[in-house]
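Please look over the sequence and the 3D structure before reading on. The explanation below is meant for someone who has not seen them before.

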Protein chains: 2
Amino acid sequence: MAVIESIPNVSEGRRTEVLDACAQAIRETGVRLLDVKPDATHNRTVFTFAGAPDAVRAAALALFDCAIARVDLRTHTGEHPRLGAVDVVPFVPIEGVTMADCVALARDVGAEVARRHDLPVFLYEEAASSPSRRHLEDIRRGEFEGLADKLQQPAWAPDFGPTRPHPTAGASVIGARMPLIAYNINLGTDRIDVARKIAAAVRHSSGGLRFVKAMGVNLTDRGLVQVSMNLTNFEKTPLFRVFELVQREAARYGVPVVESEIIGLVPSAALTASAAWYLQLDGFSDDQVLENRLR
Amino acid sequence: MAVIESIPNVSEGRRTEVLDACAQAIRETGVRLLDVKPDATHNRTVFTFAGAPDAVRAAALALFDCAIARVDLRTHTGEHPRLGAVDVVPFVPIEGVTMADCVALARDVGAEVARRHDLPVFLYEEAASSPSRRHLEDIRRGEFEGLADKLQQPAWAPDFGPTRPHPTAGASVIGARMPLIAYNINLGTDRIDVARKIAAAVRHSSGGLRFVKAMGVNLTDRGLVQVSMNLTNFEKTPLFRVFELVQREAARYGVPVVESEIIGLVPSAALTASAAWYLQLDGFSDDQVLENRLR
């Protein structure tokens, strides 16, 4: 059983009739629509769906058809940076597929939507055609309003499609990446400086673990602070190692870990690996999980 | 999606043509045959299959048809105690079904095989009709050779079928129980007395945790000892608590835990609960596991 997940971000978070139409278009392709999370302030919606590679391809194409017909970036406002109507589409390997399969799917979908809609497409993350366009924030810098100028620069020629923006849909960023885990650890103190110091200690950008992004956050209503993190590769930087390191850093300030939380979905293997580490299950194989054998 | 697992034990562990025929009969019903584990010394085979309740019912009935036609207890010898050709058949709730569903299935299959084969059937564990026949070892005491006398005692009238043994197939024990986890913890010492003391400390029968069976075992080729356990209800006596208690008891003797191991299959929820405990994931729900949402 081959399963790919996709988490497209669409630049519409207010008009429910548009979101309903896009959700319906996704469902009709046979994928499982797992979540639709609109944000009115961002004026942006995150769709999550998963299924067999062919169905995921069809669902992504259907979403482009639906959103490009209904979203006009010329009149779009919202707090979240965006480059296009279908702003970003990552493909994520879940089961029975490799990252290379997801990269191939990203290229295939990118070429097809560029052709079908005369839309510039950038490939990012694992699908990036060069290191300089690996990170979404670099591609998106300048946003829709700066896109026409950006596309004229040789360094920012799109991977597919024309070197001018689609008049209403801008451009899209399509790629492949590992599942992302949104993981927070709450600390038994109201000292935000402690949360910030720990975030700086554990995150990649300031010297910490390779696949961790982190910041300190105040939970004022609870009188606690939080180390709020994104784990971008749970196989190489696993949950348990992040938890243990944060706990150790907190102890150095005399601060206990009160609890941790996973926001949204988490691949089973991320939890299984943590159980195996703490229980010292050296010879454990995911084949021993009953549910994996049933699928 | 409703899934029940069944792990029937058949009194034949040597004649592969019999085991192949029974495996084929099981597969033809549409269940997933997960494992066939013959033991020539025990002259006994453990089949593991799972699927929707109707398919599991059909597979259990097919296995009775197959084994009763081919196994003759009058000439059967082996080291493992046994009462019948199909010695014991547990039904285990895996997903989308309750223990009550498995008890109902045990009664249904028990009544049907008693009728079809004129076979005495005892219900055990969660399906037991009285506390005195809850435990398999009590029902099986006296074995096939003592069965005719046992069935004459009013206290041992079968739950279904006649009060005399089936001439070649004896009687069968059918019931419902939680998934069983075979869990071993290896200790960094060759002192078998330490393993035995820890086993005695953690097992239910001598004062330990409610759903733990344990014994000390020598791993002579590795120079280690092992606390070898069966966990009979991982929801009420979870893996992490057993591990932590064994580790604490071992530390009292200055002995480290080298590793632990799960033999065979384990339900995903047993590992997820351990990850959630160690990571202090207080608000975690199994709905957050991506694969659970896909099924």
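The paragraphs that follow turn to the contact between the chains and then to the aromatic rings.

It should be kept in mind from the start that this is a predicted model. Where chain B and chain A meet, the contact draws 42 residues from chain B and 42 residues from chain A, and between them the two chains bury about 3800 Å², with 61% of that area on carbon and sulfur atoms. On the side of chain B, the residues B:Leu279, B:Leu290 and B:Leu294 supply 18% of the area that chain B buries against chain A, which is more than any other three residues supply.

What kinds of polar interaction cross this interface? The rule finds zero salt bridges between chain B and chain A, but 24 residue pairs are counted in polar contact between these chains, both residues of each pair being at pLDDT 80 or more. The side of chain B that touches chain A is built from several elements, and β1 (3-6), β3 (32-39), β5 (86-95), α7 (239-252), β11 (257-263), α8 (268-278) and α9 (290-294) of chain B each supply at least two residues of that side. The largest share, seven residues, comes from β11(B). Sorted by class, this side of chain B has 24 nonpolar, eight polar and 10 charged residues.

The aromatic rings can be followed next, and a search of the whole structure finds nine aromatic pairs over all chains. In one of them, the rings of A:Phe122 and A:Trp156 have centres 6.0 Å apart and planes at 75°, so the pair is edge-to-face. Because A:Phe122 lies in strand β6 (residues 121-125) of chain A, whereas A:Trp156 lies in the loop between α5 (147-152) and β7 (172-176) of chain A, the pair ties together parts that are 34 residues apart in sequence. Is A:Phe122 buried or exposed? With a relative accessible area of 1%, A:Phe122 is buried, and A:Trp156, at 14% relative accessibility, counts as buried as well.

Another pair in chain A is formed by A:Trp277 and A:Tyr278, and it is edge-to-face, with 4.9 Å from centre to centre and 85° between the planes. Here A:Trp277 is partly exposed, with a relative accessible area of 41%, while A:Tyr278 is buried, with a relative accessible area of 9%.

Notes:
Residues numbered from 1 in each chain as written. Chains lettered and ligands numbered in written order. Predicted model: local features only at pLDDT ≥ 70, side-chain atom pairs only at ≥ 80, totals over all residues. Heavy atoms only, no water. Contact = heavy atoms within 4.5 Å. Buried area = accessible area lost by both parts, 1.4 Å probe. Salt bridge = Lys/Arg side-chain N within 4 Å of Asp/Glu carboxyl O. Polar contact = N/O pair within 3.5 Å; in protein donor to acceptor, adjacent residues only side chain to side chain. Helix = DSSP H or I, 4+ residues; strand = E, 2+ residues; numbered from the N terminus. Nonpolar A, V, L, I, M, F, W, Y, C, P; charged D, E, K, R; others polar. Phe/Tyr/Trp six-rings, centres within 6.5 Å; stacked < 30°, edge-to-face > 60°. Buried < 20%, exposed > 50% of the residue type's maximum accessible area, 1.4 Å probe, protein only.
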